[in-house]
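Colleague: Could you take me through this model slowly, as someone who has not seen it before? I would like to ask about its helices, domains and chain contacts in turn.

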Amino acid sequence: MATKASRSAARVMMAPAVVLLLGWMLVPLIMTLWFSFRTYLPLRGGDQGWTGFDNYVRFVTSSSFWPAISTTLVLLIGVLAITIICGVLLAILLDQPMWGQGAVRILVIAPFFVMPTVSALVWKNMFMDPTNGLLAHLWRFFGADSVSWLSDVPMLSLIMIVSWQWLPFATLILLTAIQSLDGEQMEAAEMDGASVLSRFFYIALPHLSRAITIVILIQTIFLLAIFAEIFVTTGGAFGTRTLSYLIFQRVLESQNIGLGSAGGVYAIILANIVAIFLMRIVGKNLD
Amino acid sequence: MHLRTAFCAVSALALTAGAAVAQATLTIATVNNGDMIRMQGYTDQFTAETGIGVEWVTLEENVLRSRVTTDITTKGGQFDIMTIGMYETPIWGANGWLVPLDDLSAEYDAADILPAMAGGLSHDGTLYAAPFYGESSMVMYRTDLMEKAGLEMPDAPTWEFIREAAAAMTDRDADINGICLRGKAGWGEGGAFITAMSNSFGARWFDMDWNAQFDTEAWANTLNFYKGMMDESGPAGYATNGFNENLSLFNQGKCGMWIDATVAASFVTNPDSSEVADSVGFALAPDNGLGKRSNWLWAWALAVPAGTQQEAEAKQFIEWATSKDYIELVAENEGWANVPPGARTSLYENPEYQKVPFAQMTLDSILSADPNDSTVEESPYVGIQFAAIPEFAGIATQVSQEFSAAYAGQQSVEEALEKAQAITNEAMEAAGYR
Amino acid sequence: MARAVTNQRKAINTAAAWIIGLLIFFPILWTILTSFKSEAQAIADPPIFLFFDWTTENYSTVMERSNYARFLWNSIFIAGGSTILGLIIAVPAAWSMAFVPSRRTKDILLWMLSTKMLPAVGVLYPIYLLFIQFGLLDNVYGLTFVLMLINLPIIVWMLYTYFREIPGEILEAARMDGAGLREEIFFVLTPMALPGIASTLLLNFILAWNEAFWTLNLTAAKAAPLTAFIASYSSPEGLFYAKLSAASTMAIAPILILGWFSQKQLVRGLTFGAVK
């Protein structure tokens, strides 16, 4: 079917998207690379010339670098784990016959429509506030001391907030996948006396692997760049400083564009490592 | 009305930006503090008087800071007026990024601006930003709780007394915390408080060779005292409380004392917003007998970025917003207690304003703060709760994050100070000071 | 499913699903409820759920303070414009990837996705400087273009997965009947892929609506969407839960309503080719 003519037509049709994205990637990337080799301090007279790899060395040797990397990964893995596990369970539940399925689905989807800034603000103030937050009221109702969520268990709180936002997305995709599961196969397995657990692990889970891959891929893309939630809730304090937040601090708070740009290059490298890693899995699963 | 706005938006989009401006419209970036929001309500009057339109970009403090800093350093030209503080003004002025405000009209009476404020908003004797309101910090306390505890607040308390009083006022069952203080990370939040407090403990950020001083005993004393007192008598989760959080705690009657910006006095004594409005007393910020008190000096001020197309109109607005007439306008409509404080000498000479309970204490606090001589031992920087060097905001935010982690019990005070020392020296080296 | 289900089991399922659904939805419900309270009741201890004095005072305060209509219009324009523009560019690209695949198709696709992983903060300065050069700051068109670029990879990828599910024979049959490339795309392919396109459109509209970094940093007054609107309510002085809730409700309501009305399309389309 792929004639020569259709091939060249295909190339022409792909061109706008590819050229635009290439520009969107290369122009800032080249500028970032350029800045990263320069001493660029806007508050001290701007660009002060070449500095070689100083920025790169300084960024990695800073005491905040490795904690930032591990925070980034903890957040990523934590949110992925919660959304996928809860998402699978919730999808299975929603797939069961029940009254008002459509209405429940609406309730479950809703958090996905909420702006990250709004959800961070609402969670921080109205739920996690140790004095007036709803969780504090709940804790006190049961006679416990209220928890200072954002300072005592900052990572857990952050993971909770982000998971709440992404759970609907995971659930939806997993639900569509489950609905396509062959009912007869399940029934046959049930007849053969397979337990609920083994039915889940040997039939449902393999069927879901593709959907799970997609959830991981899409969420990773968004989670690596997470910013608003941290900015609003902790401002990077209490060990919630991710790599992208550290770059923000270098660029905007310290006004050191060179150093921040070097950090940006590291973040790109990290993103690519994760991307290659993902592509290995996705590549296998996407055919 | 919606349809009309939508239509306007559509037609504005259809025209190019330049052609759409029939008359001058100023774009003003400002912080979402109460006094600024009040001012927005009165801008119609300015437009009616002058025919100059005003577009407000109201942002939360942190967002505002990063937004205007990006714009000014890249010469983005997005704003005709920016709301900035005492920290930014001299640095930006020195870089030539702000329009000097040395040609304000005679009736504006620039000489009436409180000298402490004018000094902090100038570089080399030239005013670069006009103060909208100014503040120091002081003790606000509950007179009823103080009485109940059998104590009497002196006009100039010591830290020892504050700690004792806090412990005496604390009543966990009634949800009353003896003292509420800022612990939130950020140089302008908890960072500002602890730096101002450390001055009264004899600490300083840098020695004369720009070496970080967090390994000194004075800093250890400051932090240990702060954490000790807050663990005893502070509210739960104080490590995340900033100005706004404490204000709402105090207004709900959950704090015995609160040491913070003098501008808060008008909020805590306003019966509309405060449950304890009629039982608030004021005192100077505490000291330790070392000759320095722990109060700061700050002003939110309006500045014109260099390169704006509408310099004359922008100056006209600034003259209006920071004038004596504006103060009278607010006084007429909302009462003297609600006028923007701390900017003008004439306000404190006004007999009407002198009746306001916190007026004198505010003035005394402002007058006792000297950015040029803020530390017990000599220091190379200007500023009380900050050091007016470009690197400070970045460093102090990280340092205060370490402190907040110590308040929350994630690390010890010693660890926090060690990290603060390393962070600061690292950054000062990168900037070429050491 | 042909399994016989007892009513009892159905009742248990229903109860469990509703409890979990309400729990997940609760923060939004609470925000909406709080927006109708007075500031004092918003922090009442113990909290009041329904029996408070309902008031719309917060909404009028917010309306008075900010030009909500303009923020809303900018959000609609930017999110809608960037999605439609993205679709126009992505449909041909996805078509050629799905029906004329080459060895490199998958690499290109994954490369496109990887551009989304660039940390936005790292390139803020370069982009800001470029925008100054082109005079695009605080301009809805500039912002629309940036958001289009940000979401383009997702759009291409989603469309690609939908197109691939369309059997090639149909296209060949159309070609036999003398359909040109354009007819093929517009009269054969597009109608078949309509559910997929609809859900792509919806998902990207939502993503663009909620984008909070570029929309905040590249705008001032004229082009600022609802994400900037909410930034002015995040921590005003004193009691602010009720006003914050009102502003939040106003910021999320349009997209929430849109999402609910179109959830069938969204759910049906959100397969990412996951269903075989």
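**Helices, domains and a chain contact**

Modeller: The crossing of α10(B) and α19(B) is right-handed, a crossing being called right-handed if the near helix is turned clockwise from the far one by less than a right angle, and left-handed if anticlockwise. Helices (H or I, at least four residues) and strands (E, at least two) are DSSP runs, numbered from the N terminus. This is a predicted model, in which local features need pLDDT of at least 70 and side-chain atom pairs count only at pLDDT 80 or more, while totals for chains, interfaces and linings use all residues. Residues are numbered from 1 along each chain as its sequence is written, and chains are lettered from A and ligands numbered from 1 in the order in which they are written.

Colleague: Why are α10(B) and α19(B) described as oblique to each other?

Modeller: Helix α10 (residues 217-233) and helix α19 (residues 413-430) of chain B pack at an angle of about 135 degrees, with their axes 10 Å apart. Axes are lines fitted to C-alpha atoms, for helices over the stretch in contact, and angles run from 0 to 180 degrees between N-to-C directions. Angles under 35 degrees count as roughly parallel, over 145 as roughly antiparallel, 65 to 115 as roughly perpendicular and the rest as oblique. The pair α10(B) and α19(B) is therefore oblique.

Colleague: Which residues in α19(B) do those in α10(B) meet?

Modeller: Two residues are in contact if their C-beta atoms, placed from the backbone, lie within 7 Å. From α10(B) come W219(B), A220(B), L223(B), N224(B) and K227(B), and they meet, in α19(B), V413(B), A416(B) and L417(B).

Colleague: How many Å separate the centres of domain 1 and domain 2 of chain B?

Modeller: Chain B is divided into domain 1 (2-135 + 298-354) and domain 2 (136-296 + 377-430), with bounds that come from an automatic or database domain assignment. Across the boundary, 13 residues of domain 1 of chain B are in contact with 16 residues of domain 2 of chain B. Taken over C-alpha atoms, the separation of the centres of these two domains of chain B is 29 Å.

Colleague: Which element gives the largest share of the side of chain B that touches chain C?

Modeller: The contact takes 29 residues from chain B and 22 residues from chain C. Elements that give two or more residues to this side of chain B include α3 (34-50), β2 (53-59) and α1 (2-14). The largest share, five residues, comes from α1(B).

Colleague: How many helices does chain C have?

Modeller: The C-alpha trace of chain C spans about 70 × 70 × 30 Å along its principal axes. Its secondary structure has zero strands, and the helices come to 13.
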